[in-house]
Amino acid sequence: PGLVAVFAAAAVTLALTRPLSPLWVVGIVGALTLMRPAAARRLSQDRMMRLSLGVTGVAVTLAALFVVVHGSLAIENFPLPSGLSDLQVASLIAGRLPLHVQSMVGQFGGPEFTAPSLAVGVWVVGVGTLVCVATSISRRWEAAVLILTVAGLLVVLPLVASLPEARTHGLAWQGRYQYPAAAGIPLLASALLGKARTTMGRSGGMAVTAIVIAHLVTFYWVLRRYTVGLGSFVNAFAQVPRGWKPPVPAVVLASLVTVIGVGSGLWLLARLKQPLRLEAGDLDVRPV
């Protein structure tokens, strides 16, 4: 019951966060249902689960009505030339795929400032490897759902969202819009790996270390942007004329983030070393 309550609270919070959030909640529940249809049918018979889905459905409906009534999806217009064919527009949208991926990893305040290339590379390589390994060891149906989820979010969704009104509104879609749904890609892949009871070995420690370093570098880059500017010193703690000074000294902020980052990394490493505990229903004894 506690896990179901957490699910409902998270889904309701997501539904009320941004104009596109009701769509993401529906998509997430749909993807999970497709991944394990039999388990979804069993869960639908649980009274607690029905209650949580009912509460989530009400929140999604109210949020969607608010978006429609108040026109929350309105965007600035940067129309493309009217003479472009649909194929040319689709080609332009496909060419923005790297930008969409980069902005999903980290876009802070606007499309002109994203996370450093190191952080983008760590996440793209890490999640890509996770998806490939999960696909190779999963059942065909589960692997197909995972691949379709990745392709749908990264390729089909930007195309469907931008193509109909590209000549009147332009290519307004940004990768950060689909982040709440894209966050499910490593979660689905990890769930498939966990079901297979694979061992991480050294790769788990390498992944945790790379992620912690990428986060620390990203925070320092954001801090530098505000304190001295990206076109200025590499030293984010330098004193510059009319420079921004946070309420808490920048050195203290950086130290605090470092302690939190390293501490979370050590906690994850400790969890990786713990043996997996099998529970009732974890073992699949059906013939392969």
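Is Met-48 buried, exposed or partly exposed, and what is its relative accessible area? Select Met-48 to begin: the residue is partly exposed, with a relative accessible area of 32%, where buried means under 20%, exposed over 50% and partly exposed in between (1.4 Å probe, protein chains only).

This is a predicted model, in which local features need pLDDT of at least 70, side-chain atom pairs count only at pLDDT 80 or more, and totals for chains, interfaces and linings use all residues. Residues are numbered from 1 along each chain as its sequence is written, and side-chain values use heavy atoms, with hydrogens and water left out.

Met-48 belongs to helix H4 (residues 47–70); helices are DSSP runs of H or I with at least four residues, numbered from the N terminus.

Next, select the aromatic pairs, of which there are 3; rings of Phe, Tyr and Trp (its six-membered ring) pair if their centres lie within 6.5 Å, and planes under 30 degrees apart count as stacked, over 60 as edge-to-face and the rest as tilted. One of them joins Trp-173 and Tyr-177 edge-to-face, at 5.5 Å centre to centre and 85° between the planes. Both of these residues, Trp-173 and Tyr-177, are buried.

Move to Tyr-220 and Phe-237, an edge-to-face pair with 5.9 Å centre to centre and 70° between the planes. Tyr-220 lies in helix H12 (residues 202–227) and Phe-237 in the loop between H12 and helix H13 (250–273), so the pair ties together parts 17 residues apart in sequence. Tyr-220 is partly exposed at 24% relative accessibility, and Phe-237 is partly exposed at 31%.

Definitions and conventions: Helices (H or I, at least four residues) and strands (E, at least two) are DSSP runs, numbered from the N terminus.
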